[in-house]
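My plan is to go from single residues out to the whole chain.

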Amino acid sequence: MRWFAVRKELSPRARFVLGIGSFMLPLLVWCIVSYVPFVWHPLLQISDPGGVDYFQNGMLVDKATFANETQNMVAAHKPVPVGTPSNPVYLPAPHKVFEAFYTAFTTKPEARDMPWLHESLWHSIQVIFWGFVISSVFGVPLGIVCGTYSAPARLIEPFTEFFRYLPAPAFGALAVAILGIYDGPKIAIIVIGTFFQQVLIIANTTRKLDYALLEAALTLGTKRLKLLTRVVIPGVLPDLYRDQRILLGWAWTYLIVAELVGTSSGITFFITQQARYEHFENVYAAIAMIGIIGLGTDLVLAWLGKKLFPWDRTLKA
């Protein structure tokens with residue numbers, strides 16, 4: 001029952017084991033679906049076409065078609081086809097995806113005008129970086145001000161609450177008309193998708209600061225600007241840092257939609273092109289790379305947060 005202890009800090013070993021397990025369990029399910037023939041495998045991969053004219057080696061056919069053609073070959077006294085159970089092309093086996101992690105970086109693109117995977121990734125990272133920086137430059141100060149003072153909060157938050165329900169991709173055509181077809185509208189989509197959420201989340205975090213600290217500062221004669229810089233911001237900085245980590249992940253979720261606005265670019269363009277050629281192992285590899293980059297960034301930021309705020313003892317899962 002110690003695994004279900006309420007809000008108890010786990011030992012480093014338990015955290016490591018459970019963290020690895022959270023990745024191994026989905027991978028185990030994927031392996032079972034991919035490698036155990038009787039679990040799913042709705043198709044058959046032709047290894048010998050027999051007497052069927054349109055069957056080819058490596059071709060995927062459904063079981064009903066295979067059974068029908070087998071009966072036709074038996075009736076015609078021709079060689080029967082041979083096939084092995086297989087999943088659809090859009091569900092490659094794990095080993096093929098792992099191979100794609102390497103080959104996607106070393107194999108030339110199908111077309112000359114297509115970028116390499118590392119070029120696509122770097123382009124997407126730049127879009128995410130600038131979109132989130134612009135959003136934070138305006139969203140963080142507004143959120144802190146709204147969480148500290150009632151009048152600005154009443155002026156800003158009602159419209160922000162309204163605007164955050166508007167889907168950011170709906171502004172794609174308008175962003176293209178104003179900013180052109182290249183990276184401008186993509187960055188704008190990420191800014192729109194994160195800025196309004198950022199203001200509200202940071203304002204709510206700021207309101208959680210102990211009001212006794214504000215009263216004490218005001219009693220001692222702290223002016224308005226110093227109240228923000230000497231009391232409010234230092235008091236909420238660990239939680240503000242944690243909010244920014246979460247919101248950065250939010251920005252990544254808008255990336256695919258943002259990169260479809262105007263000219264397709266970045267990792268989205270790579271995924272679209274690979275799906276067009278039915279190289280779904282490359283598609284899965286690219287999607288997994290987005291997750292690896294995002295998780296890696298978050299782990300680095302979490303480690304950096306421990307160094308910056310050693311007094312913060314928030315329970316770690």
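Before I start, a term: I call a residue buried under 20% relative accessible area, exposed over 50% and partly exposed in between, using a 1.4 Å probe and protein chains only. I am looking at a predicted model, where local features need pLDDT of at least 70, side-chain atom pairs count only at pLDDT 80 or more, and totals for chains, interfaces and linings use all residues. Residues are numbered from 1 along each chain as its sequence is written, and side-chain values use heavy atoms, leaving out hydrogens and water.

Entry: aromatic rings.
I looked up the aromatic pairs and found ten in the structure. Rings of Phe, Tyr and Trp (its six-membered ring) pair if their centres lie within 6.5 Å; planes under 30 degrees apart are stacked, over 60 edge-to-face, and the rest tilted. Phenylalanine 129 and tryptophan 130 make an edge-to-face pair, at 5.1 Å centre to centre with 80° between the planes. Phenylalanine 129 is partly exposed, its relative accessible area being 46%, and tryptophan 130 is partly exposed at 47%. Phenylalanine 163 and phenylalanine 171 are stacked, because their planes are at 20°, with ring centres 5.4 Å apart. Phenylalanine 163 is buried, at 15%. I also noted one aromatic cluster, formed by Phe159, Phe162, Phe163, Phe171, Phe195 and Phe196.

Entry: helix H3.
Helices here are DSSP runs (H or I, at least four residues), as are strands (E, at least two), numbered from the N terminus. How far apart are the end C-alpha atoms of H3, residues 94-106? They are 19 Å apart, which agrees with the 18 Å that its 13 residues should span; the expected span is 1.5 Å times one less than the number of residues. I found Pro94, Val97, Ala100 and Ala104 buried in H3. The buried residues of H3 pack against helices H1 (12-35), H4 (117-148), H11 (266-276) and H12 (280-308).

Entry: the record.
The unreviewed UniProt entry annotates "transmembrane region" at several spans, including 127-150 and 247-271; such annotations may be inferred rather than shown by experiment, and positions follow the numbering used here, with feature names shortened. In the model, residues 127-150 are 96% helix and 0% strand, with end C-alpha atoms 35 Å apart. For residues 247-271 I noted 72% helix, 0% strand and 24 Å between the ends.

Entry: the whole protein.
I counted twelve helices and three strands. Of the 317 residues, 35% count as buried. Along the principal axes, the C-alpha atoms fill a box of roughly 100 × 60 × 35 Å.

Terms used. Contact means heavy atoms within 4.5 Å.
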